[in-house]
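Me: Please take a close look at one helix pair in this model. I would like the packing described first, and then its setting.

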Amino acid sequence: MSYDDNSLEIERFQWVGKKVGFYGSIFIIALVSVFPILWMFITSLKQPGNVVTFPVEYIPRDPTLANYRAAIEGAPFFRYLLNSIIVATGTAAIDVLLGALAGYSLSRLRFRFKLPVLLLILGTAMLPFIARLIPLYSLARSWGLLNSYLGLIIPYAAFQLPFAVWIFQAYFKELPDSLEEAGLMDGLSRIGVLFRIILPVSAPAMATAAIIVFIYAWNEFLFALTFMTQDSMRTITVGIALYQGEFQYPWGTISAAVFMSVMPLILFMLFFQRKVVEGLTATGKA
Amino acid sequence: MADTVDSSSGTPAAEGGGRQNRLQRYRNLRFSEEELAVILLTPVVSFLLAVSFYPIFDTVVGSLHTGYVLDMNPRQFVGLENYRRLYGSGPLLDQLLNGDGFWNALRISLIYTVVSVPIELVLGLGLALLLNRNFKGKYFAQAAILFPWAIPTVINARIWAWMFNGQYGVINDLLIRVGIFAEPFPFLARPETALASMLFITIWKTSSFMALILLAGLQSIPDHLYEAARMDGASRIKQFRDITLPLLKPTLLVALIFRTLPAFQAFGLPYGLTGGGPASATTTLVLFDHQLTFNRLSFGEGAATATIITAIAAAIAMLYVGTLYEPEVR
């Protein structure tokens, strides 16, 4: 009897141990993932004099927003933000339109040379950015597109188009054939079927593609750094990366600037988490 | 990837005669499938040819010239001179192991790629296996591991530069509190530890990305396979080896291509963390190319480096596709 009790006890103990181990490791992983942002936030709230102390202060004494004021006054922060929103939105719009058209053709139409066309489109995703930088820079310069939104939107749209095409063609492949049949029977032309029937039901793929492209354009650094030489045209990623502050140890203001620049994207990601994961994994599932 | 092409289907001919006639009539009346495909794909393909392929071609041509881009210095054909300058002088093996400039950058990029990608793959797979079950708070756990991926690489580099700071950095503080170090260590000021720190940061940032891609692959493996294996008395390890790994192969291919190519082209991290120093210890190939082009204005050598990067990237992609890709039988 007592033997049975004991083994039950041990089983119970093991079960609790497993749970604690599992949630413990999840907690540690989550903490390690979030820590740098948390640390930026903590640093940004410190009094300027308390930022550079050692041992480090983990809970700010007399928290202050002075660093945020200094960061906003030290750089055209909202202008950077606006630039990023315009560039990222423009890129996403072009890629959703072109990606939907190409994805539709590649998944639902029969035509010759389909495989070479698909490989050509997907192959561009593998071309190194640095090998496209200087030729595109000199093109942009001769067309007067440096320091203009279009100058970044055009290359970004081309770079991310393969991913948009892939997301759309994976989505369209799953739609039933009867959709087009019904449209053709009702007297729509093939273009009519595309615009009246297929595109309206592809909103989920549009959202996924738009979000993935938007995040890419928001984060891109190499081209944004090179093409936008005027401070007022910089995207937020470049603006914050080059932000120096005016004091000898400007880590307090840099932390505030970094935290402000990262927060919109993090909120965006949390809000659209399901879509982001879908977009990332569209290729993994195929 | 390519298997999707064959499985595509146009509108199948409908059965009933009248229905078929009407269908046929509309097909004849308007664009055929092929015409529509040409109309829809022409803008996309020409856009990509102009913005993605033409620049590569231009770079290769530019690598055979000097005075590239700069107007005041007219373009002049020099053959392989730019490549010869990148090569320097000395036996190949010696240059590969000890050469500076281009060779140093090539070594750093290779070390960076070969060390970081496998570790990310293993950690990512571990994370994915951990997340591939239902538990309370899964949404928040997944959101938390998305954080590293959400932060722009170059901003992330600045965050970690502050955390790794040799005097006031929180990492030094933690290591001292735990008792590993006695006094602050200047991680980013010593060549070996600067490269190690950079590797640590990129592994931290991209393991979660790996995990998300692999998680999708895990979730597409049907449960009944595992049930059958359990009935046959297969151990967890055997299930992992005989079911999980083989079925995860296509996903692993995608994850490897998606990580190896960007890792080989790392730029934002060294730019924001160390600027390539100390003493070029963290100068990756793309950062080296960037410095050649924008600091030293050696456009020809910059284009030659970019051409070599393109060739290596193409080789990596073909290697993966060649060894891991198996056409699906349908």
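Reply: The model is predicted. The pair is helix 4 (residues 77-108) of chain A and helix 10 (residues 203-219) of chain A. They pack at an angle of about 140 degrees. Their axes lie 8 Å apart. Angles over 145 degrees would count as roughly antiparallel, and 65 to 115 as roughly perpendicular. Helix 4 of chain A is therefore oblique to helix 10 of chain A. The crossing of these two helices is right-handed.

Now the residues. Helix 4 of chain A brings S84(A), V87(A), A88(A), T91(A), A92(A), D95(A), V96(A), G99(A) and A100(A) to the contact. Facing them in helix 10 of chain A are M206(A), A209(A), A210(A), V213(A), F214(A), A217(A) and W218(A). By class, this helix contact has 12 nonpolar, three polar and one charged residues.

Next, the contact between the chains. Chain A puts 84 residues into it, and chain B 86 residues. On the side of chain A that touches chain B, helix 1 (residues 2-44) of chain A gives the most, with 10 residues. That side of chain A divides into 56 nonpolar, 17 polar and 11 charged residues.

Last, the partner chain. Chain B has 15 helices and two strands. Of its 330 residues, 40% are buried. Take the contacts in chain B between residues at least 6 apart in sequence: 65% of them join residues at least 24 apart.

Conventions. Residues numbered from 1 in each chain as written. Chains lettered and ligands numbered in written order. Predicted model: local features only at pLDDT ≥ 70, side-chain atom pairs only at ≥ 80, totals over all residues. Axes fitted to C-alpha atoms, helices over the stretch in contact; angles between N-to-C directions. Helix = DSSP H or I, 4+ residues; strand = E, 2+ residues; numbered from the N terminus. Parallel < 35°, antiparallel > 145°, perpendicular 65-115°, else oblique. Left-handed = near helix turned anticlockwise from the far one by under 90°. Contact = placed C-beta atoms within 7 Å. Nonpolar A, V, L, I, M, F, W, Y, C, P; charged D, E, K, R; others polar. Buried ≥ 20, exposed ≤ 12 C-beta atoms within 10 Å, placed from the backbone.
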